Amino acid sequence: MPILSQSLVDEIVQNCINSYRKLPKTGKPVDNEWTVLSCIVQYDIVGKSHEVVSLGTGSKCIGAKNMSSQGNILNDSHAEVIARRGFLLYLYENVTNLIENRQSIFLNDGFKYTLKENIEFVFYSSQMPCGDASIIPKSGDSSDIGDLISKLGKREAQDDLCDVSTKKMKPDIHRTGAKCLLNNQQDPRDAGLNYHLVGQVRTKPGRGDRTLSVSCSDKISRWIHCGIQGSLLDMLLNMPVFIKHFIFGSGVPYSEEILNRALLKRESEINIEDRLKEIPDFYRSSLIFQHIRTDINERPAAGSIVCIKTKNRLLEVVVQGKKLGVTKKRAKDLSSSVSISKYSLYKKFMEVLQKNKELMAHICGTESIETIPYNEMKRKAIQYQIQWNRTKEVFFKSWTLKPDIWNFCVDKVT
Ligand SMILES: [Zn+2]
């Protein structure tokens, strides 16, 4: 049973949109551009208060050739992913706060940490995630053929979409730019309902060379199955962190049935209750984000904004995976990478472990922490890896093949 009332849903989204409006112009869409807004909102179920703790915008993703084995370039700058990575930083900061006796969302519980019982997290996004959740049957009202009319001309579009004898709309679907994995079955691209395969893991569209980042539908499904904290934080926490409520904006296609298919069910034969520790609820806000795409001729904004509620509010703009405003010379310095890069987040992880020697010994044994590369450290998250392998087996069946290039170490941790 959904727990949030419609008025609370709209109040939370208004909070997200206000947080976006208050940000400076840099990184926001200019004329003829659109973007996606995603936020993670902390909800206090006792105090009934909510606050945006991480905000992300954007819809860009770099190709395989531009990935950096140093972990200093962000591969995926879709709003959902930016907001999630910002949220990881927020979680690290809260663990540090607890260790240093400041206010925190966590409690000490053994030598690891547990989220306070009154805290829940809500995920808001101004539109449905790319990939499987964007393959939605068209409702048949005239707003659905807007894109095609501007592309083909009105007459042609109507011929294409309407059955001439009955003058009724032919059934059709909204499409996604995300592509089926190479070596897997591909979309038939037939007219109408059979354009796409459904239930597939897909990679994000990108300019030129192919991206290896999976669609937001796939990533969100992973967060729902394994927790949003990822493998490194999983080793610091007693329990994964699950998003309880997902809210999507108005003015764009929406279907609760499709969200259930794409994020919770796919083609899995295993009962949802047996697969998921927490089953999230889905909601649609009645509020429309001001920069949704309304015309086929609009371009996506080049930048992604990340804004995180940390001690000193963190605000950065990311363009092509790098922090905007960093000189070429400084860009080579790994500590100038975006605060949510693999490099920066690994550094945060190591800083926390330096402050909790018991946990460090538990994770690293006798190895010196500075000598453990990022990818090797992630493999130490045994519980997380078990859950992730099981999820791939029973839910996704296949996953993108990213080369395991991230064997970088972080030095000079204070
Ligand atoms: Zn996306």
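So, the contact between the two domains: 15 residues of domain 1 touch 12 residues of domain 2, where contact means C-beta atoms, placed from the backbone, within 7 Å. Keep in mind that this is a predicted model, where local features need pLDDT of at least 70, side-chain atom pairs count only at pLDDT 80 or more, and totals for chains, interfaces and linings use all residues. Residue numbers start from 1 along each chain as its sequence is written.

On the domain 1 side, that contact has 6 nonpolar, 6 polar and 3 charged residues. Nonpolar here is Ala, Val, Leu, Ile, Met, Phe, Trp, Tyr, Cys and Pro; charged is Asp, Glu, Lys and Arg; the others, Gly among them, are polar. The bounds are 6–135 + 200–396 for domain 1 and 142–194 for domain 2, and they come from an automatic or database domain assignment. Taken over C-alpha atoms, the domain centres are 32 Å apart.

OK, on to the sheet. It's open, it has 8 strands with mixed pairing, and the order is E12-E11-E8-E2-E3-E14-E15-E16. Strands are DSSP runs of E, at least two residues, and helices are runs of H or I, at least four, numbered from the N terminus. Two strands pair if DSSP finds at least two bridges between them. At the edges sit E12 (281–284) and E16 (322–323), each pairing on one side only.

Let's walk in from E12. Its partner E11, residues 245–248, runs parallel to E12 over 4 bridges. Histidine 245 is opposite aspartate 281 of E12, and phenylalanine 248 is opposite arginine 284 of E12. E11 also pairs with E8, again in the parallel sense over 4 bridges, with valine 122 facing histidine 245 of E11.

Now, what lies across this sheet? Helix H2 does, over E2 (37–44), E3 (49–57), E8 (119–125) and E14 (304–308), at about 125° to E3. Axes are lines fitted to C-alpha atoms, for helices over the stretch in contact, and angles go from 0 to 180 degrees between N-to-C directions.

H2 (residues 79–99) also packs with H10 (residues 342–355), at about 15° with axes 10 Å apart. So the two helices, H2 and H10, count as roughly parallel, the label for angles under 35 degrees. From H2 the contact uses Leu88, Leu89, Tyr92, Val95, Thr96 and Ile99, and from H10 Leu345, Lys348, Phe349, Val352 and Lys355. By class, that's 8 nonpolar, 1 polar and 2 charged.

Definitions and conventions. Parallel < 35°, antiparallel > 145°, perpendicular 65-115°, else oblique.
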